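Reader: I would like to learn how to read a structure like this one, feature by feature. Where do we begin?

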Amino acid sequence: MSEIKLRVEGIEKSFPGVKALSNISFTVRKGTVHALCGENGAGKSTLMKVLTGLYKADAGRIYIDEQPVEIRNPIQAREYGISMIAQELNYVSELSVEENLFMGRLPVNRFGKVDWKKVRREAIQFLEEEHLNYRPEQKLKTLTVSDIQMLEIIKAVTNNAQIVLMDEPTSSISEREVGLLFEKIRELKEKGVSIVYISHKMDEVFRIADDITVIRDGAVVSSDRAENLDIDTVIAHMVGRKMENVYPKEPVPIQDTVFEVKDFAAKGIFDNISFYARKGEIVGFAGLVGAGRTEVMRAIYGLDGKDTGKIFINGEEVSIKNPSDAIDKGLIMLSEDRKEYGLIPVRSVTENASLASLKNYFYGGRSHKRKEKKDVAEIFQKMNVKTPTLDTLISSLSGGNAQKVLLARWMLCNPQVMILDEPTRGIDVGAKFEIYKLMTDMVKEGKTIVMVSSELPELIGMCDRIYVMCQGLITGCLDKEEVTQERIMMLATGLLGKSQQKGA
Amino acid sequence: MKNWKALSAVVLSAAMVLAPVTALAEEGPYRVCFVARASADTFAAWLTSEMQKAAEEYDDIELTCVSGEADDAEMAKQLENCITKQYDYVIVQSNNNAAQAPYVKAIADAGIPVVTTNPTTHQADLDGETGDPEVDNAVMEGTGTVDADPVAQAAVGAQRAVEEVPENANVVVFRGPSGNYHAEKRREAWDTYFFDVRDDVTILYEDYANWNNDEAMALMETWVQGGTHIDAIISMNDNMAAGAIEAVRNNTDYIAEDGTPSFLAYGVDGTAQGCLLIKEGLLTATALQDAGEIAALNMSYAEKVLHGEMDYTEVNDYVDAPEINADNVDEFIQIYVANGEISESDL
Amino acid sequence: MKSSKASTYLQRFSIYIVLIAMFVACSLLSPYFLSANNLMNVARQLCVGILLAYAEMILIVSGFLDLSIGSVLALAGVLSVSTFKSTHSMLLALVVAFAVGVACNMINAVFVAQFDVPAFIATLGMQQVARGIALYYTGGANILQLGKYVKLGQGMVGKVPVPVIIVLCITVVVWYLFNHTRYGRNLYAIGGNRKAAEASGIDTRKNIFISYAIVGVLAGLAGAIFMARNNSGIPNGAVGYEMTGLTAAIVGGTSFSGGVGTVMGTVAGAFIIGFLENIMNLIGVNSYIQSIIEGAIIVLAVAFDIRSKNRKTTKQIMAVKDEKK
């Protein structure tokens, strides 16, 4: 029997007016993966902050190796061997790989000068050991998100962490990289490191976890060995009700082609992109991270330039030079990066929701704010957006609710064609389900959806047809009937695509 | 072949154009530099243009005017440039005497005749005060000076005020920038000639308005709210006096409907604005600091020094500070009409 | 529950609380402070500063700023004054003031919007250029004998100074722009997250041009009032006034990181500074000491404001969780 590494007992934490954590207890065994599941807002983040010393618990005890410890700040947490991989990575994009690796512990000589030779030497050795294909002087901004995440994880481990807390580590990396990550996690387990793994992705949780604890509304609902649980039970525990079907797809009659893209190309990024979408249809775009799916969509939407290509809406060619043109033509795009291209964090949920349809609320030289509030309130109700008031800052909503507000922004424009790029990234199971449901409602209303996603199950569950991209090219299109994860992966990795291209 | 011809033609003509210039630089007119304290300062701007006018009188003097933009670092740069460019004669109007003193000395040490003007740089600016007035008030060693005497200037108004200011009067004082030689000396003169004599007078408020119109106006606007009637405005220059007067222009407690003021006001400089205010009856008196005269005097000494008629360290002269008041203001206004600062039609 | 609601109000209106505290303190410090004349005097002194504060607020809210406004004010002012002197037309003089202000700021906008030069640099350049032109044009000398032009700065309508009336009108216009036009919303969005605003179909370049045009009009108007108040065209006037404007806007709760700021907050910010300077002059504090006190109080006021706002945000996060229960 493996010994207990971390024991949490009766943790309580209140904020003015709210009890965030009540009587949280669970144990993490040495060399195992302990998954923490729960909807956003369930209290996982607060718990993490207590464990890393950012918050002080009102009551309860933390034991490491069965010794009671008091964690007052993150530095102390690190000394106890607790390391955290945050969901929203905090990195300085202008720094180099080696500077990032040694951040906060740069070796200095006795005059206080940084020993850059040593840094370089160790960085190279380290990158080689970990089979990472970067140069130490490369700036972080030249790396992909998943590369940086991998770097963070490895960095934590080299800091001699005994307990690694991972918050949604796979929210922005591709399937293949998830494989790499899990391999790394297994390696860590063998070295006796304990991992607390937070994720909404049930398939991943069951692939990797030894124990699963479910938290709902700040309290532990269940805590058990993974082999005693199944996905449905865990989801039921999380949402407090039984989930009938993860993907609420309903059959919708598919009509004429509404949206067609022909011969889109941008040198060195993507080429020869042609596809169409019909009324009532959800069309998926699958591919590995870096396949060029987002780039294609951004070019269509007028956010980035293109070299060639035509767009047809209802059979008529339209010219889209910027997002404003696109919106006028009834085409909108929900960006994959909520933070960078979506949220105006310092403004209210109402202002965020009405941003793309301001001309409906400001015209004739005056404002029509009552109408704005009414429309926003209506759509929020329809979409089940949870916000304390309509004047609440959007930055204080959970990821799922914020995403729904952004979706509401586009619904208020009443578009014909919606490009949704990773619409469920980083949001919890309950909110995901609601977004799927909204998508179904939208196509039922006669809209057309193009959905880009890195999560194959949701593409397969929601789409009528799926285009697969690899290295800037469309390598295939699969109908609902013929689609399987394997076939998508074959096309996405170029195994099938190449032969198909040769044939064509 | 054709190209070569064209090229040689260009080179030849260029040489012909350049030849006289280089020749001039060697033996042509004397190169004199005037370093003004600022270009955005009314008096400094006036002095600069008078310097240029005065220099035109001398065929063999070529005057370059630069400005320190009221910034000591910029002043230092300009003064160092004077050494680099090897001028034959340098006239310096300091922004901050103490700050510029070492740079002025460096010019003298480089063997270039240097004369400080409005204000004079003293030995004490370089070494610090010794307490011995004879040493402290001496012109800095190795330099000459042409200046207006700030004490004499301020004394003009102060001596009048002794007679004019009513008994137990309440007054306000506007000061120039702290550390500025003329600002401090003018203020000292007011102590010597007025406040020491009239100990019945109360200073209600006193503050630095840094020679500025708008700063003085803001101060005065607030001070008049203090409830006690201000009987006299004592300002170290006309600019600040003008700002203070504008602050009470629509205040019937200070200026009656018919335009008669219930206060006295003293300035220094005799600027166009000051003269207009005297004409209006709002400014009681000021003393002229005549930039034209300072400039003319400077240039005549420059000519003498450059021709070897005298040594530049012997240059030590002060212009007069004639009083301007309601009786003689018209003749001064005529000077400003002539130079275009005042338009006759608007009088 | 009631007390927590009260504290939310306290936090929401923190800057007004600072203003009221200031007001009370001032009236205790000097018996003359509360007189109608003195309050009107403060209002009159603040006129130019408030116009500049609006200008800076418009820009800071959308993530930019203008360091050239003091110089542009001076240039617009002296050109306006000399136009008046040669034509005796107040209308023409004002048109010139606006035109000069707008022209300078269109150059700012070209660099900021088209060439993506940081606003700090672009307007720093304009600061020098505009001041240089003003000095060159006047030869560094003040323009005198303004005649009726001074009415703009010194005139009275009944008991209210003309510039105060002008600023009141401008306040209504700016308030309307921010609260009741699409342009106002666009500014908040651009400042809050420029990329998101663009992705939502907002033409950021167009809005930058509009903003700088408005700033130009405000600078021109401020220039005309400034010169009229001083009864002379002063080419070296208003040096450093961009800081006066920036300070009022920031003290009034405008966030330097963009997207946040209100017109009323800016007015409050301007009055906090105005009252502070007024009371110190009334009780005769030396101007060097004034500078020390002013700096300290400004930082404290902003710190208090930020602290209470932070607490508000935490509360809202908690409120969301609360509702989930």
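Author: Begin with a pair of packed helices. To read such a pair, list the residues that meet, then look at the geometry. This is a predicted model. In helix 2 of chain B, the residues B:Phe43, B:Trp46, B:Leu47, B:Glu50, B:Met51, B:Lys53, B:Ala54 and B:Ala55 meet residues of helix 12 of chain B. Helix 12 of chain B supplies B:Ala291, B:Gly292, B:Ile294, B:Ala295, B:Ala296, B:Asn298 and B:Met299 to the meeting.

Reader: What classes of residue make up the contact of helix 2 with helix 12 of chain B?

Author: The contact of helix 2 with helix 12 of chain B has 11 nonpolar residues, two polar ones and two charged ones.

Reader: At what angle do helix 2 and helix 12 of chain B pack?

Author: The angle is about 45°, and the axes of helix 2 and helix 12 of chain B are 8 Å apart. Helix 2 of chain B is therefore oblique to helix 12 of chain B. The crossing of these two helices of chain B is right-handed.

Reader: Now the whole assembly. Which pair of chains has the most contacts?

Author: Of the two pairs of chains that touch, chains A and C have the most contacts. Chain A and chain B share no contact, and their closest C-alpha atoms lie 34 Å apart.

Reader: How many residues do chain B and chain C each put into their contact?

Author: Chain B puts in 32 residues and chain C puts in 30. On the chain B side, helix 2 (42-56), strand 7 (202-208), helix 9 (213-223), helix 10 (238-248) and helix 11 (272-280) each supply at least two residues. Helix 9 of chain B gives the most to that side, with eight residues. The residues of chain B on this side divide into 12 nonpolar, 12 polar and eight charged.

Reader: Where is C:Asn193 placed?

Author: C:Asn193 is in the loop between helix 9 and helix 10 of chain C.

Reader: Is C:Asn193 buried or exposed?

Author: C:Asn193 has 26 C-beta neighbours inside 10 Å, so it counts as buried. The cut-off for a buried residue is 20 or more. Leaving aside neighbours within four places in sequence, C:Asn193 is in contact with A:Leu343, A:Ile344 and A:Pro345. C:Asn193 and C:Ser232 are 39 residues apart in sequence, and their C-alpha atoms are 44 Å apart in space.

Reader: How do I judge a chain as a whole?

Author: Chain C has 14 helices and two strands. Its radius of gyration is 21 Å, close to the 20 Å that the globule rule gives for 325 residues, so chain C is as compact as a globular protein of that length. Of the 325 residues of chain C, 54% count as buried. Among contacts in chain C between residues at least 6 apart in sequence, 77% join residues at least 24 apart.

Reader: And chains A and B?

Author: Chain A comes to 18 helices and 22 strands. For its 504 residues, a compact globule would have a radius of gyration near 23 Å, and the 24 Å of chain A agrees. Buried residues make up 45% of chain A. Chain B has 13 helices and 12 strands, and 49% of its 347 residues are buried. The C-alpha atoms of chain B fill a box of roughly 90 × 55 × 35 Å along the principal axes.

Notes: Residues numbered from 1 in each chain as written. Chains lettered and ligands numbered in written order. Predicted model: local features only at pLDDT ≥ 70, side-chain atom pairs only at ≥ 80, totals over all residues. Helix = DSSP H or I, 4+ residues; strand = E, 2+ residues; numbered from the N terminus. Rg over C-alpha atoms; globule rule 2.2 N^0.38 Å. Buried ≥ 20, exposed ≤ 12 C-beta atoms within 10 Å, placed from the backbone. Contact = placed C-beta atoms within 7 Å. Nonpolar A, V, L, I, M, F, W, Y, C, P; charged D, E, K, R; others polar. Axes fitted to C-alpha atoms, helices over the stretch in contact; angles between N-to-C directions. Parallel < 35°, antiparallel > 145°, perpendicular 65-115°, else oblique. Left-handed = near helix turned anticlockwise from the far one by under 90°.
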